[in-house]
Amino acid sequence: MVKILIMAHCDIAQSFIKVAKHIMPNDVSYLHALSVEPYNSLVELKQALANKCEQLGGEILILTDVKGASPYNAARVLQDEKVSVIAGLNLPMVLKALNHQKLPLEGLVEKVIEAGKEGIC
């Protein structure tokens with residue numbers, strides 16, 4: 001199964017996990033968070049993220065809050081065949097990722113991006 005890592009500013013990642021647990025209480029074991037605080041340097045973030053990805057192992061989908069911001073910039077350098085990064089985090093993306101995490105990473109990425117777009121009106 002693909003692990004899902006939310007990497008976002010302050011407590012956003014933990015808040016998304018809290019809401020996901022509320023909506024899907026039995027399906028969040030592959031959902032993880034990494035918070036970015038104002039005092040974290042990009043070098044520190046890259047190292048923390050590399051450590052987290054090594055700890056999780058396997059295929060990982062990283063969801064970040066803002067394209068071009070520190071979480072995204074730290075994550076995109078790790079992107080390869082086992083790690084994908086999507087920016088523009090919203091709750092429909094998280095729920096879709098949880099519902100389809102058994103898909104191969106590439107298929108999951110397509111579903112999550114589509115859910116993110118459909119979640120906006």
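What follows is a chat about a predicted model of one chain.

Colleague: Before we start, what are the ground rules for this predicted model?
Modeller: Local features need pLDDT of at least 70 and side-chain atom pairs count only at pLDDT 80 or more, while totals for chains, interfaces and linings use all residues. Residues are numbered from 1 along each chain as its sequence is written, and side-chain values use heavy atoms, with hydrogens and water left out.

Colleague: OK, how do the elements run from the N terminus on?
Modeller: The order is β-α-β-α-β-α-β-α-α, with five helices and four strands in the chain. Helices (H or I, at least four residues) and strands (E, at least two) are DSSP runs, numbered from the N terminus.

Colleague: Let's look at β3. Is that strand buried or exposed?
Modeller: Five of the five residues of β3 (residues 60-64) are buried, so the strand is largely enclosed by the rest of the structure. Buried means under 20% relative accessible area, exposed over 50%, partly exposed in between (1.4 Å probe, protein chains only).

Colleague: Which way do the β3 residues point?
Modeller: I60, I62 and T64 point one way, L61 and L63 the other way, and all are buried.

Colleague: And what does β3 pair with, on the β4 side?
Modeller: β3 and β4 (residues 83-87) pair in the parallel sense over five bridges, with I62 opposite V85. For two strands to pair, DSSP has to find at least two bridges between them. β1 (residues 3-9) also runs parallel to β3, joined to β3 by five bridges, and I4 has L61 as its bridge partner.

Colleague: Switching to α2: how many residues does that helix have?
Modeller: α2 (residues 42-56) has 15 residues and reaches 21 Å from its first C-alpha to its last, close to the 21 Å expected at 1.5 Å a residue. That expected span is 1.5 Å times one less than the number of residues.

Colleague: Which α2 residues are buried?
Modeller: L45, L49, K52, C53 and L56. Seen down the axis of α2, the buried residues fall within an arc of 100 degrees, so they line one face of the helix. The arc is that of the directions from the helix axis to the C-beta atoms.

Colleague: What's on the face of α2 turned away from its buried side?
Modeller: The exposed residues V43, E54 and Q55.

Colleague: And what do the buried residues of α2 pack against?
Modeller: β1, β2 (31-36), β3 and α3, where contact means heavy atoms within 4.5 Å.

Colleague: What comes after α2?
Modeller: G57, whose phi is positive, near 65 degrees.
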